[in-house]
Amino acid sequence: MGSSVSHAAASPPSIPPPPPHAVGLAGVLPPKSEEKSEKKVDWLNLPCPVPFEEIQREALMSLKPELFEGLRFDFTKGLNQKFSLSHSVFMGSMEVPSQSSDTIKVPTAHYEFGANFLDPKLMLVGRVLTDGRLNARVKCDLSDNLTLKINAQLTNEPHYSQGMFNFDYKGKDYRSQFQIGNNAFYGANYIQSVSPHLSLGSEVFWLGHQRKSGVGFAARYDTDKMVATGQVASTGIVALSYVQKVSEKVSLASDFMYNLMTRDVTSSFGYDYILRQCRLRGKIDSAGCVAAYLEERLNMGVNFILSAEINHPKKDYKFGFGMTVGE
Amino acid sequence: MGSSVGHAAAPPPPPPPVGLAVALPPKVEEKSEKKVDYLNLPCPVPFEENQREALMSLKPELFEGLRFDFTKGLNQKFSLSHSVFMGSMEVPSPSSGTIKVPTAHYEFGANFLDPKLMLIGRVLTDGRLNARVKYDLTDNLTLKITAQITNEPHFSQGMFNFDYKGKDFRAQYQMGNNAFYGANYIQSVTPHLSLGSEVFWLGHQRKSGIGFAARYNTDKMVATAQVASAGIVALSYVQKVSEKVSLASDFMYNHMTRDVTSSFGYDYILRQCRLRGKLDSNGCVAAFLEERLNMGVNFILSAEIDHRKKDYKFGFGVTVGE
């Protein structure tokens, strides 16, 4: 579905003769010279856009670290080049819904065992938790441009399992995706680069069992230094984000989300310092929530993690630390 | 109360050895054995600090959440301290599960330290006030005052202690609110062993009690035992394995509630950090790490897992200042 925009074959403009010797104000101002270094936009060779679901990925990476409360220990062991196992232990407090407005926490613990198989053409990821849940992900490159992805989450409780099939087609300067899920979910999305920096996309979905359907539009503008995205959906959600890369080590991100149905507005601002030995992400929310996440590299393959989240209006505090061993 | 023991003069040297006596090492009188001078026994450890090595190793201040302490010295004698704690505290719940509620408090403290006078005060945001005074009335007599004042009526406490330090004994007399009177006495009987006893009387509840304590310590180990008429038997043993490592174990039996607890712990004091770990007979495992990041900046990690109740407490914090 690409459109070829024929660019008027412009003959390169002839270089104007050098201006006469500058007089008066013209002598002070810098000379007007044709910007010979300006690249001509080659509309036939636009870059391939970011996939539709990853349109906000920079903002999500900076603003939504995996905050937790308690202890986390991850151990990844590579058995050979393609196959690795992972063991993950979590012990801490989880919130339980309570009738009163207070926050109630109950100590919980779980162990997660995972296996990963990574091939250039095939990727298999599986995770099993002690509470009976199973996550599975498959990514298979059927051809150079066509990719099949399968996501499944199986639980013990009936009617809570989910599965989704995705067919991704990657064109020259566009991507399209078709999704089939359980509960008769059908979706499709399409994103196209319209200029070297701007890409626009849209998606439709239909939920069979509840007879709901929706349409959404997304736009993404990115340069070397910044990324700005906007997303609108017929479910009444407007989401905007902006990420600015201030320097090699520092980037700032901000995020805005408005839910028309629930009249809920959230805005957040965060920073992301990527230093040699550590990565520090902090964010502050319009809901009065302040969070920080630190990953420090103690040794080759050994990372120490500190996570903190303070919700001032609800007076809820979540602090955790952990360790990640292995690549 | 020392006794003097007269020591006999050294015997003449033995004749040259024959037979088996040549193979065995010669029996030499241990001239290097120190004569026990019962007039110069060391002063014993105060009665309430009888088990202090075991308590220091086995009972670190475990917490859950975030802790931040800042101590600022204004001059040589006076310092202020700010302490913030944010985390989950357990609330008693009707069901058998553990319920935690997030709490936070800020504590402001002031310390005045003089060779003769020590004043410490702490105020918390929940309205509690702790105050401690220690004053040396003379070289041997010390007055200590401890007070805890709260907003809730009838929960405040205060205690006056008069400590007398003798040559090889210590005596203490205590007076507290709720008509509490107590006295204890501890005496060194050998260079390594000290014995003590205490009595107390609780006026309002017409209770009284008596207790005995013993402490045996050398350079390498400390063993203590305590028995009280309230039905508590407490034993502890600390062994200093090396300069950096010491192991401790603890046993407590409550005759009234038939409760037995035994714990075993280790204490590694290294250059940059101090790591204390302990394992309990209640299925509780705990560890406490203090790491020195910089001059005056300490990073603390605290972890406690109660396997039987499935309760997990993890916390970290930073301590700034001396």
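In this predicted model, A:Asp74 touches A:His87, A:Ser88, A:Met323, A:Thr324 and A:Val325, when residues up to four places away in sequence are not counted. A:Asp74 belongs to strand 1 of chain A, which covers residues 70–78, and its relative accessible area of 14% places A:Asp74 among the buried residues, because buried means under 20%.

The contact between the two chains draws 23 residues from chain B and 23 residues from chain A. About 1,700 Å² is buried between chain B and chain A, and carbon and sulfur atoms give 78% of this area. On the side of chain B, B:Pro102, B:Phe314 and B:Phe316 supply 33% of the area buried against chain A, more than any other three residues. Between chain B and chain A, the count of salt bridges is zero, whereas three residue pairs are in polar contact, both residues of each pair being at pLDDT 80 or more. The elements of chain B that give two or more residues to the side touching chain A are strand 1 (65–73), strand 2 (78–91), strand 3 (99–113), strand 18 (297–306) and strand 19 (311–320); of the elements of chain B, strand 3 gives the most, with six residues. Sorted by class, this side of chain B has 12 nonpolar, seven polar and four charged residues.

Over all chains, a search of the whole structure finds 33 salt bridges. One of them joins B:Glu48 to B:Lys144, with the closest N and O atoms 3.6 Å apart. B:Glu48 lies in the loop between helix 1 (20–23) and helix 2 (52–58) of chain B, and B:Lys144 lies in strand 6 (residues 141–149), so the pair ties together parts that are 96 residues apart in sequence. Both residues count as partly exposed, B:Glu48 at 41% relative accessibility and B:Lys144 at 21%.

In chain A, the side chains of A:Arg279 and A:Asp272 meet in a salt bridge at 2.7 Å, N to O, and A:Asp272 counts as buried at 3% relative accessibility. A:Arg133 forms a salt bridge with A:Asp131, the closest N and O atoms being 3.5 Å apart; here A:Arg133 is partly exposed at 40% relative accessibility, as is A:Asp131 at 42%. A network of salt bridges links A:Glu54, A:Arg57, A:Glu58, A:Arg220 and A:Asp222.

With regard to cysteines, the count of disulfides over all chains is zero. A:Cys278 counts as buried at 18% relative accessibility, and A:Cys289 counts as buried at 8%.

Note on methods:
Residues numbered from 1 in each chain as written. Chains lettered and ligands numbered in written order. Predicted model: local features only at pLDDT ≥ 70, side-chain atom pairs only at ≥ 80, totals over all residues. Heavy atoms only, no water. Helix = DSSP H or I, 4+ residues; strand = E, 2+ residues; numbered from the N terminus. Buried < 20%, exposed > 50% of the residue type's maximum accessible area, 1.4 Å probe, protein only. Contact = heavy atoms within 4.5 Å. Buried area = accessible area lost by both parts, 1.4 Å probe. Salt bridge = Lys/Arg side-chain N within 4 Å of Asp/Glu carboxyl O. Polar contact = N/O pair within 3.5 Å; in protein donor to acceptor, adjacent residues only side chain to side chain. Nonpolar A, V, L, I, M, F, W, Y, C, P; charged D, E, K, R; others polar. Disulfide = S-S within 2.5 Å.
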